[in-house]
Amino acid sequence: MATAKYIFVTGGVTSSLGKGIISASLGKLLQARGFKVTIQKFDPYINIDPGTLNPYEHGECFVTDDGAETDLDLGHYERFLNSPTSQANNVTTGRIYNNVITKERKGEYLGKTVQVVPHITDEIKRNIYQLGESGDYDFVITEIGGCVGDIESLPFIEAVRQVKWDVGTNNFLVIHLTLIPYLSAAKELKTKPTQHSVKQLLEAGIQPDILVCRSERHLPQDIRKKLALFCNVHINSVIEALDAETIYDVPILMRKEKLAERVLAKLKINHKEEPDLDQWKAFLGKLKNPTDEVEIGLVGKYVELPDAYKSIVESFVHAGAANECKVNLHWISSETINADNCENILSQYHGILVAPGFGERGVQGKIEAVRYVRENNVPFFGICLGMQCAVIEFARNVLTLPNASSTEIDAKAKDPVIDLMEDQKKVTNMGGTMRLGAYPCKLKKGSKAFSVYGKQNISERHRHRYEFNNKYLERMEAAGMKATGINPETGLVEIVELENHPWFIGTQYHPELKSTVLNPHPLFVKFVEAAIQKKKS
């Protein structure tokens with residue numbers, strides 16, 4: 001295809017309807033027909049990126065290879081499409097305004113009055129076209145965050161309206177995701193909220209081409225006709241999106257509803273071949289027909305909101321399917337764990353994952369959890385702060401350094417086995433200044449990590465400020481905690497593992513960020529395998 005086609009996904013009635021999953025599912029269906037697809041997310045909030053947001057505010061912060069801190073929807077895009085995203089795939093209002101104000105200060109607007117239209121909308125459009133003009137993609141799907149009618153979304157919606165006139169009607173399409181509520185008292189599905197939502201889009205100058213209707217109940221033909229009539233769309237373009245058992249069912253449900261066919265027909269693209277979804281269906285078959293079941297405890301401090309650990313949750317789904325095993329995740333607040341109740345809380349699980357996080361709250365509980373799994377040979381997986389807690393616990397209880405700590409928890413720690421990276425000590429700005437993105441790691445031959453990956457050189461994504469303090473490395477290794485993955489450029493420790501333990505691995509990086517449906521992460525796959533072995537023993 002000579003030029004990229006631009007598809008926009010907007011949302012109405014309420015947030016959290018699943019624009020990200022619909023975008024990813026459509027992308028998957030187009031990709032399964034051989035098209036090259038990328039998806040980007042435009043977030044209306046004024047933060048420059050979600051890096052400084054509390055996970056309770058916005059769920060996890062997803063990190064790309066190029067070090068962008070982005071919205072968690074980019075995780076869905078990668079897991080579905082099995083291709084990496086970048087800084088260009090997530091843009092916020094904050095970034096747009098920051099770019100425009102920077103240009104104005106440099107004098108790039110030549111004395112003009114800087115306004116929302118055209119300057120802000122032009123900057124939004126520049127970001128929309130950036131991926132399309134690279135020549136790498138046939139389709140650029142752009143998800144507009146929030147709801148139509150939100151005050152923050154107005155410039156984005158206006159930019160979308162203008163795109164139609166820039167690229168032409170055959171290269172432009174709008175999908176509007178909306179809610180059809182069921183009123184149990186009246187025993188009726190109601191279309192009025194959707195009508196109002198579409199009316200707001202029309203007031204902004206945009207006619208949606210396709211309606212995707214989230215509902216708990218099937219949409220009868222008369223409801224579809226009513227929606228088509230009042231919302232000015234063809235009846236075949238009213239797509240039903242029922243609540244699914246798993247998000248990975250959604251591409252199959254959208255296939256049945258012929259969403260991709262409607263998109264291709266409207267964009268005047270010939271499409272005789274059927275999508276190749278064999279691998280996807282094989283994954284779903286394993287996911288839904290497990291032959292085994294394990295209980296995994298996830299020890300973290302944001303456990304009230306599962307979205308705070310979204311990528312970890314999905315990595316267990318992928319790894320569970322790879323092992324044909326149902327992984328039951330149990331959320332354990334690290335603040336509830338202490339030396340007295342640790343065994344009582346953790347003894348029922350076949351494996352323990354100590355989750356990443358920031359700050360000192362709940363760290364002591366994580367350290368107690370590590371002590372329990374180390375002493376009782378329970379499979380252990382520590383990620384980022386989880387790995388650091390494993391190092392602190394080992395230093396305190398095996399090296400008998402009772403004051404061992406991280407300078408993140410205790411700035412004046414007598415034995416700072418985890419310390420602030422040298423280049424971080426001068427940092428004053430909090431946003432985008434951590435060690436972010438993909439870095440190389442060299443694995444030691446003969447180590448468990450090497451056997452898991454099956455190769456020596458790997459690349460994994462990071463998001464942290466504090467590191468293993470190499471001053472303590474010799475003593476740690478002599479006592480049995482081995483550094484088996486090292487950054488070849490800086491000598492920083494990336495992986496620690498215990499010698500005489502069935503499965504005890506801590507990683508400074510975030511392996512969950514690279515797990516996809518078609519490529520489940522080997523560390524999660526082997527950790528689930530170890531939990532199955534623990535259950536059998």
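Modeller: Leaving aside residues up to four places away in sequence, Q31 touches V37, F80 and L81, where a contact means heavy atoms within 4.5 Å. The model is predicted, with local features requiring pLDDT of at least 70 and side-chain atom pairs pLDDT 80 or more, whereas totals for chains, interfaces and linings use all residues. Residues are numbered from 1 along each chain as its sequence is written, and side-chain values use heavy atoms, without hydrogens or water.

With L81 there is also a polar contact: a polar atom of the Q31 side chain lies 2.9 Å from the backbone oxygen of L81 (N or O atoms within 3.5 Å, one able to donate a hydrogen and the other to accept it; residues adjacent in sequence count only if both atoms are side-chain atoms). Q31 belongs to helix α1, which spans residues 19-31 (helices are DSSP runs of H or I, at least four residues, and strands runs of E, at least two, numbered from the N terminus). Q31 is partly exposed, its relative accessible area being 23% (buried is under 20%, exposed over 50%, partly exposed in between; 1.4 Å probe, protein chains only).

In the loop between β1 (5-11) and α1 is V13. V13 is partly exposed at 37% relative accessibility, and its phi, near 75°, is positive in a residue other than glycine. K258 likewise has a positive phi, near 60°, and sits in the loop between α9 (250-256) and α10 (259-266). The relative accessible area of K258 is 46%, so it is partly exposed.

Another feature is a cis peptide bond between V117 and P118, with omega about 15°. P118 is in helix α5.

As for cysteines, the count of disulfides is zero, a disulfide being a pair of cysteine sulfur atoms within 2.5 Å. C61 is in none, and the nearest cysteine sulfur, that of C384, is 12 Å away. C61 is buried, with a relative accessible area of 13%. C213 is buried at 0%; its sulfur is 7.8 Å from the closest cysteine sulfur, in C231, which is too far for a bond.
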